[in-house]
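This briefing is for a reader who has not seen this structure before. Please look over the sequence and the model before reading on.

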Amino acid sequence: MTTTPQIDSKEKAHADNMGNFIGYIADIENATPEQRAQDDSISQLDGLQDGLNLPTNHIDNTRYLHDDISMRGGNSKGEKLPNTNGRYGLVMVNNKAEPVNIAARTINSDDKPPIISDTTQPSAYAIGSMSRDSDWWLVTSLKDAVTLYAALAILDNKVTVLACLNQSMFDMTLRHFSEVKTIHIIDTAQHKDALTSRLAGVNAIAHITIDTIISRLNEGDLIGNLIADADTIDLSILAWPTPEPLLSDPSKPTRYPIEAWPPILRKPIEAIAYYTQVPLAMAGQAVLGAIAHIGQAHIDAPMGSEHKPTSLIIITEGESGTGKTQVMGLSHFKIDQHEKQLYSNYLSDVSSWENNLLSLKGKDRAAFLDENPKPPNPVTMFDDATIEPLIDRFVDGEMYNASLSTDEAGQFFNGHTMKSDTAGSALGAITKLYSSGIAGRTRSQKNAYANPRTKAYDVRMTFLLQGQRVVLEKALTDPLMSGQGFLARAMIACPEDLRGKRVWNDPKRRNDRPHDNPYLIDYWLRCQSLLDPLPANLPNDSTGAPIRIKMQWASNEALQAFEDGMQAIENRQASGQVLEYLKAYASRMAENATRIASLMAFFDGRKTVTTDDIKRGFMLVEYSTTERLRYLDAMPTGEQNDSEKLSSWLVDKARNKNPHKLNRTYIANNVPNPMRKSTKLLQIELDKLESAKHIRQEMEGRSRVIFINPKLYD
């Protein structure tokens with residue numbers, strides 16, 4: 001069965017109208033040479049064609065009217081236009097070079113516009129070939145068109161000059177012809193602002209001069225010089241906003257919300273930042289790591305109908321020499337002292353244990369070992385350990401709380417564990433520790449004292465990682481780090497680098513010592529009391545593991561504030577919202593907020609979390625989220641992310657098109673990977689580019705097209 005193809009009604013109407021018009025003008029004869037010679041402008045076209053052999057193509061479009069022409073549009077369609085017989089009939093074409101209109105021109109009437117049969121039809125009298133590889137110019141009168149064509153065609157005959165013949169039709173006609181070609185127009189400086197205002201976004205180039213180009217040509221000036229001296233404005237660019245960068249700029253740090261901290265912690269953070277001359281964010285992150293290390297041993301945070309560990313994963317960017325070591329020296333001062341004392345006691349205990357063991361033999365030695373196992377190393381702060389031995393210590397019951405705190409994060413991110421085949425399992429173990437406080441290993445240690453234990457419950461691990469951008473930049477964009485959930489749980493800060501702004505020769509600063517600062521002294525005393533509490537304040541279960549306090553909401557208002565914060569985060573994950581592409585991270589924001597709020601309350605000596613606490617927690621989480629967004633598309637130096645690759649590809653493929661646009665289907669079939677393999681990913685990236693003002697996605701008939709911002713070609 002043969003199927004008749006469907007024809008769009010608009011296309012059919014256009015074809016019918018054009019066919020009718022061609023039939024209409026077929027009965028109108030071309031003007032004779034003698035008739036054309038009576039009009040100066042038309043006669044000049046004859047001279048350009050015959051004398052200079054220029055392709056004016058005006059003969060068939062210049063008719064002689066022996067009768068009045070008919071109206072082609074409007075309410076009076078079909079009616080005769082009086083007093084149009086005996087004039088020239090200038091056939092006007094559309095942007096496809098199809099005849100669609102006619103104008104009745106009186107001989108030598110350049111000061112008076114001709115009568116046009118349909119002033120609603122964008123059309124122009126064309127001088128030249130209208131080939132796509134020629135330059136197209138648009139003016140309002142026939143005389144100006146002939147003068148401009150003569151000047152341009154002598155230099156290069158690949159030129160078309162269009163005369164819309166009526167000033168009121170100019171803008172409409174320009175927009176119509178600019179759909180297929182960049183159109184050149186001319187005007188004077190006094191009209192520049194009005195012109196750019198009404199024609200911004202049109203695919204046209206305006207050449208602005210003090211005096212009209214036509215008048216200067218009539219005075220003998222050369223067109224090349226006039227164009228070179230003109231103020232050239234690409235109107236298509238004016239309507240486009242400036243494209244935004246696609247790569248997050250880590251050079252512009254987010255303001256750190258120091259007001260999020262209660263005074264008991266804010267004052268020490270400000271003091272640490274002052275003495276070490278580092279950004280507040282670096283000092284705040286270090287203190288957050290310190291109170292997490294201390295607090296995780298004592299409390300759990302409320303989260304829905306359950307409680308969560310108060311351990312944290314904290315990542316801070318800082319170049320070598322920015323003060324990371326000095327910051328941790330103050331934020332962890334009492335923790336370091338406590339660890340040092342525990343280790344000293346441990347060495348003494350081990351020495352005593354070994355001496356006792358050496359004095360025993362046989363059954364006495366065996367009985368001693370059975371009743372007196374070797375004292376475990378009490379150290380809980382680590383700076384260069386891999387995750388496996390820490391898991392072993394948890395599983396073997398040697399510790400219940402620990403922190404990996406280092407100012408050289410490269411030891412963690414670039415260490416053997418994170419670069420080996422076991423990186424995935426190591427990250428999985430870390431996220432399990434964070435979320436549930438469970439540590440596990442697949443088999444026991446293989447040694448003389450093999451231990452059948454494979455699991456440890458209710459253990460805690462905080463990570464405080466400070467490192468250089470060259471390390472963190474790769475880590476924060478690593479698919480494995482993100483996919484395994486490690487980064488999704490992290491509190492991130494990338495503060496400004498203060499090197500070059502620090503002051504070292506100030507006598508007042510030199511004599512002001514941190515160990516005399518009352519706020520730091522109070523902070524350290526509170527840390528010490530929490531690190532070495534009275535036995536009654538540290539209840540243990542039957543195995544010796546600590547029983548942690550289950551922090552509670554102080555009121556329904558506090559719980560409501562927490563849930564309101566959760567809802568706000570949820571809403572921002574919707575399509576088109578700021579967290580749309582950061583859902584994994586967003587889903588952990590509320591949990592980190594309650595952990596931080598619980599730590600603040602605990603440090604203040606309370607067992608309940610107030611509305612003020614949770615709002616402060618959310619402020620710090622929001623800061624971290626903003627910092628994470630800055631690194632969302634960050635790539636190692638010299639590499640492009642998918643958005644940049646797509647933008648560059650689009651710009652290149654549309655470079656020689658006017659206007660700069662591509663069909664959506666063409667893009668889908670030819671775009672670089674990974675977008676070519678995934679329609680969903682391609683659309684996500686196109687939406688990103690549109691949000692960043694790089695493109696516009698529009699419908700043309702039944703086809704979707706992508707317009708590329710011409711400012712990307714600057």
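The notes below begin with the protein as a whole and then turn to some of its strands.

The model is predicted. The protein has 714 residues, and 48% of them are buried. Its secondary structure comprises 29 helices and 25 strands.

**Whole protein**
- Of the contacts between residues at least 6 apart in sequence, 71% link residues that are at least 24 apart.

**Strands β13 and β19**
- Strand β13 covers residues 313-317 and runs parallel to β19, with 4 bridges joining the two.
- I315 has I492 in β19 as its bridge partner.
- Strand β19 spans residues 490-493.
- From β19, A490 and I492 point one way, while M491 and A493 point the other way.
- A490, M491, I492 and A493 are all buried.

**The sheet β12-β11-β20**
- Three strands form an open sheet in the order β12-β11-β20, and their pairing is mixed.
- β12 (306-309) and β20 (549-550) are the edge strands; each has a single partner strand, so one side of each has no neighbour in the sheet.
- Strand β11, made of residues 299-303, pairs with β12 in the antiparallel sense over 4 bridges.
- Within this part of the sheet, P302 stands opposite H307 in β12.

Note on methods:
Residues numbered from 1 in each chain as written. Predicted model: local features only at pLDDT ≥ 70, side-chain atom pairs only at ≥ 80, totals over all residues. Heavy atoms only, no water. Buried < 20%, exposed > 50% of the residue type's maximum accessible area, 1.4 Å probe, protein only. Contact = heavy atoms within 4.5 Å. Pairing = 2+ DSSP bridges.
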